[in-house]
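Work through these exercises with the structure open beside you. Try each task before you read its solution.

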Amino acid sequence: MSTTPDTRIPMVLLTGFLGAGKTTLLNFLLRHPAMTGTAVVINEYGEVGLDHHLVEQAEPDEVELIEGGCMCCTTRGRLAESLMSLFTKAQRKQIPSLKRIIIETTGLAEPGPILNQLLNAPQLHERFVLDSVVTLVDAVNAASTVEQIDIAQKQIAGADALLITKSDLVTPEALDLLKAKLLAMNPDADIQVPTKGAAQPGWLFTDGRRRAGSAGYGLSPLILKADSLRLAPADPNLMTADADPWGSGPEWDEIQTFSLIVDAPLPAWKFYGWLDFLRSLAGNDLLRFKGIVNIEGQEKPRVIHGVQTVLHPPEELDRWPDEDRRTRLVFITRGWGQETVRNTLAYLKDTPNHDPMLDP
C-alpha cells in the first residue's frame with residue numbers, strides 16, 4: 001500500500017431508510033471533540049433535519065456553523081457544487097478548517113447515483129476521497145422494511161458499515177436475528193450498535209482502512225476466503241432433456257453472496273469489458289462487488305469495488321497480500337444477479353486473449 005500521505009478531505013456517505021435515526025446520530029456525533037472541522041452536506045430537498053440547537057438555518061448557498069466548529073449546508077441536488085463551495089470557502093478562511101465531510105442522504109436515496117456523482121466529478125477527485133458508505137438500520141422496523149422496500153436493500157448491500165439504531169427497543173434475541181440477517185445480506189460490512197445515537201467517529205471515518213491504496217488498508221477477509229464462496233457452474237449431468245434450466249427462478253428480492261475465482265491472469269481489455277457488460281446487463285440486480293484482480297502483464301494486483309452500476313476507480317496495491325495470485329471477486333446480487341454473472345463467464349473464458357479491435 002502507498003506510504004505517501006493522502007491529503008484529500010475524507011468523505012462519508014451516510015444513508016438509512018426513513019426513520020432510521022440519522023439526525024439523532026449526527027446530533028450526538030457532531031458534539032464529539034474529534035469531529036471539529038466536520039462539514040455536514042445534506043443531500044436532500046426540504047428543510048434541514050438537524051436539531052435546531054445545532055443548525056438555525058441553512059439555505060442552498062449558505063454554510064452555517066454548528067457547535068464545536070462543525071458546519072452544515074444543503075445541496076438541493078447540487079452535490080459537486082456544494083462540496084467545491086465548501087472547499088473554496090475553507091481555502092479562503094471564510095469557514096473554519098475543513099477536515100472531513102459527512103454527506104447525509106434522504107431516507108429514500110439509493111447510494112449508487114450519489115456515489116456516481118462523487119466518483120465521476122473530476123474536480124472532486126483531486127480534493128476529496130470517499131472513506132466509507134455507512135447505513136443506519138432501524139432495529140424496530142428493519143425486518144418488514146428490508147423485505148418490502150427495494151431502496152432499503154440497496155442501502156444495506158452498498159454499505160461498508162452498518163449501524164443498528166433503536167436497539168434498546170427490541171429484545172436481545174431480536175437484535176441477534178437482525179445482525180444475522182444483515183450479515184447474510186452484506187457479509188463484508190462492519191456492524192456496530194450505538195446506544196441512543198452514541199456513535200463513535202471511528203465507525204464512520206477510518207483513516208483509510210477502507211480505502212485501497214492507503215497505508216492502513218487491509219484487504220477484505222471475504223475476498224481472501226473467496227474459495228469458500230466459489231460460484232459453482234450448473235451441472236449438465238443433472239439436467240434432463242425437457243427440464244427447465246431456470247426452474248421457477250429466484251424471488252426478486254432474494255439476496256445472494258458468492259465469489260468468482262479466475263486462475264490465469266486476465267487481459268485488461270477482456271476483464272474490464274466483461275465488467276462493463278455485466279454491470280449494464282445486471283443493472284439493479286448487481287448490488288455490490290469487490291475483488292482483487294491479476295491483470296496480465298502487471299506484477300501488482302488491482303483492487304476493484306462497485307455499488308450497483310457504479311465502479312470506484314481501480315486501485316493498485318504495492319504487493320499481493322499472500323502467495324495466491326488468482327483473481328478473486330465477491331458479488332452481492334439480488335434475484336437473477338447470480339445467473340447473470342454465471343451466463344457471462346463465457347466472455348472471460350472463450351473470447352480470444354488478444355484485443356480483436358487491434359486485429360489488422
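**Exercise 1. A helix and its faces**

Which residues in α7 are buried? Find them, then describe where they sit around the helix axis.

Solution. The model is predicted.

Step 1. Locate the helix: α7 covers residues 172-185, 14 residues in total. From its first C-alpha to its last, α7 reaches 20 Å, close to the 20 Å expected at 1.5 Å a residue.

Step 2. Apply the cut-off: buried means under 20% relative accessible area. In α7, Leu 175, Leu 178, Leu 182 and Met 185 are buried.

Step 3. Look down the axis of α7. Its buried residues fall within an arc of 85°, so they line one face of the helix. An α-helix has 3.6 residues a turn, so residues three or four places apart point the same way.

Step 4. Turn to the other side of α7. Pro 172, Glu 173 and Leu 177 are exposed there.

**Exercise 2. The enclosed space**

Find what lines the largest cavity, and sort the lining by class.

Solution. 

Step 1. Count: there is one cavity of 30 Å³ or more. The volume of the largest cavity is about 40 Å³.

Step 2. List the lining: Asp 188, Leu 222, Arg 288, Phe 289, Lys 290, Val 330, Phe 331 and Ile 332.

Step 3. Sort by class. Five lining residues are nonpolar, none is polar and three are charged.

**Exercise 3. The open space**

Which element gives the most to the lining of the largest pocket?

Solution. 

Step 1. Size the pocket: its space is about 1000 Å³.

Step 2. Find the centre. The lining has 47 residues, and Leu 130, Asp 131, Arg 210, Arg 211 and Ala 212 lie nearest the centre of the pocket.

Step 3. Compare elements. Among those that supply at least two residues each are β1 (9-16), α3 (111-120) and β11 (302-307). β6 gives the most, with five residues.

Step 4. Sort the lining: 21 nonpolar, eleven polar and 15 charged residues.

Terms used:
Residues are numbered from 1 along each chain as its sequence is written. This is a predicted model: local features need pLDDT of at least 70, side-chain atom pairs count only at pLDDT 80 or more; totals for chains, interfaces and linings use all residues. Side-chain values use heavy atoms; hydrogens and water are left out. On a 1 Å grid over the protein atoms alone, a cavity is a set of points where a 1.4 Å probe fits but cannot get out, and a pocket is an open set with protein on both sides within 12 Å along at least five of seven lines; lining residues have an atom within 4 Å of a point. Grid points are joined across faces, edges and corners, and a volume is the space filled by probe spheres set on the points. Ala, Val, Leu, Ile, Met, Phe, Trp, Tyr, Cys and Pro count as nonpolar, Asp, Glu, Lys and Arg as charged, and the others, Gly among them, as polar. Helices (H or I, at least four residues) and strands (E, at least two) are DSSP runs, numbered from the N terminus. The expected span of a helix is 1.5 Å times one less than its number of residues. Buried means under 20% relative accessible area, exposed over 50%, partly exposed in between (1.4 Å probe, protein chains only). The arc is that of the directions from the helix axis to the C-beta atoms.
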